[in-house]
Amino acid sequence: MTNFLRNVMLVPIAVFFVNSVLAQNDNYTLPQNRTWAFGENAGIDFNGAAPVAIKTNIVSFEAASSVTDAEGKLLFYTNGCTVWNKNGAVMPNGIILAGSNNSTTGHPTHTTTQGTLITSFPGSDHLFYVFTNADGMLKYSVVDITLNGGLGDVIDTLKGIDLRGGLTEQLAAVAGNDCNIWLMARSQTANEFLAFNISVAGIDTHAVVSTLGGFGNPNYYYMGALKFSPDRTKVGIAAYNKSGSAPRVTIYTGGVEFYDFDPSSGIVSNVRTLDVGTISLITLFGGSYYYDVEFSPNSSKLYVRQNTDIIQYDLSSDTLTKIIASKVVISALGTVGGARFRLGPD
């Protein structure tokens, strides 16, 4: 996963997180997230009148996830390989959740776009799933926040359990309609979305499979991000990967798409491709590439990172032609970088 392109692109990640102040839909089956940990010892606390920068012990180029209680107090956070409690100490059994460390990156989720994710444990008020997505392998561990004097502990017998291999870097979760959670991943070898149903019975390892994708080659989805709309009816995706090469030239192909989603069944349908882009290392990202997506609070707009710009599509239009024509630049970052963005709880 680590290559020259990734290392150049991802420098400004923390800066854009700090500037992200859109609203987030809190759902009863997903854990609260009013304090974020990310980057190198960085974080944001959204519990006050305005977001406040805080110091954490997390170290990660990309993968980061944190969880708070119902009052917004931090419980724990992770980079996908290590879990820290609210005091910044490593939890018991909380090291190497996603395989062995890498001498170059520090840990295997280091440059995985969506390398980790925390969800609640349906039916429990003290258990949490920690999912890790590294080197194409999706694993899960379970944290019991009541252990270790209330600071939490990764349950030794439920640590680093393989769930599915052959995946892209995209991973997201959304509440279903039956007090369940849908964990969504995408296959690297087939044009398939894989929705894992998480319920009081546990994780159903037999995913609901939706076969669709407009880029042609499933490998083009390898890097990038996948997001659900706040109303849970749409999925947005921005992705790219190596598609070919010539002497001294490496071409990456991908684009941006959105789909319909059924929170009752976990089925993804109705692919709509908004753009297909290519980039070339010899021209330092000449062309067009996409890396991240996010929806507006009312789910009517799709925000996309394109090259050095943040662009917006109006999804309320009644035809794909009109949606594509609604594209507008709303922010020029002014630099090439891997800026990420997400809806904030404020």
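**Exercise 1.** Which residues form a nonpolar patch on the surface, and what accessible area do they have together?

*Solution.* In this predicted model, the patch consists of Val90, Ile95 and Ile96, which together have about 210 Å² of accessible area. To place one member, note that Val90 lies in strand β7, which covers residues 90–95.

**Exercise 2.** Decide whether Gln306 is buried or exposed, and find the residue whose side chain it joins in a polar contact.

*Solution.* Begin with the location: Gln306 belongs to strand β24, residues 301–306. Its relative accessible area is 12%, and since buried means under 20%, Gln306 is buried. The side chain of Gln306 is joined to that of Lys327 by a polar contact of 3.1 Å.

**Exercise 3.** Describe the largest nonpolar core, then follow the contacts of Phe196.

*Solution.* This core has 20 residues, and those touching the most other members are Tyr129, Phe131, Leu138, Leu163, Leu183, Phe196 and Ile203. At least two residues of the core come from each of the strands β9 (127–134), β10 (137–144), β13 (167–175), β14 (181–187) and β15 (192–199). Leaving aside residues up to four places away in sequence, Phe196 touches Leu138, Leu163, Arg164, Ile181, Trp182, Leu183, Ile203, Asp204, Thr205 and Ala207. As a general background, nonpolar side chains in soluble globular proteins tend to be buried together.

Note on methods. Residues are numbered from 1 along each chain as its sequence is written. This is a predicted model: local features need pLDDT of at least 70, side-chain atom pairs count only at pLDDT 80 or more; totals for chains, interfaces and linings use all residues. Side-chain values use heavy atoms; hydrogens and water are left out. A nonpolar core is a set of buried Ala, Val, Leu, Ile, Met, Phe, Trp, Tyr and Cys residues joined through side-chain atoms within 4.5 Å. Buried means under 20% relative accessible area, exposed over 50%, partly exposed in between (1.4 Å probe, protein chains only). Helices (H or I, at least four residues) and strands (E, at least two) are DSSP runs, numbered from the N terminus. Contact means heavy atoms within 4.5 Å. Patches are made of residues with over 30% relative accessible area and no salt bridge: like charges are joined within 9 Å, nonpolar side chains (Val, Leu, Ile, Met, Phe, Trp, Tyr) within 5 Å. Accessible areas come from the Shrake-Rupley method with a 1.4 Å probe; for residues, only the protein chains shown count as cover. A salt bridge is a side-chain nitrogen of Lys or Arg within 4 Å of a carboxyl oxygen of Asp or Glu. A polar contact is a pair of N or O atoms within 3.5 Å; within protein, one must be able to donate a hydrogen and the other to accept it, and residues adjacent in sequence count only if both atoms are side-chain atoms.
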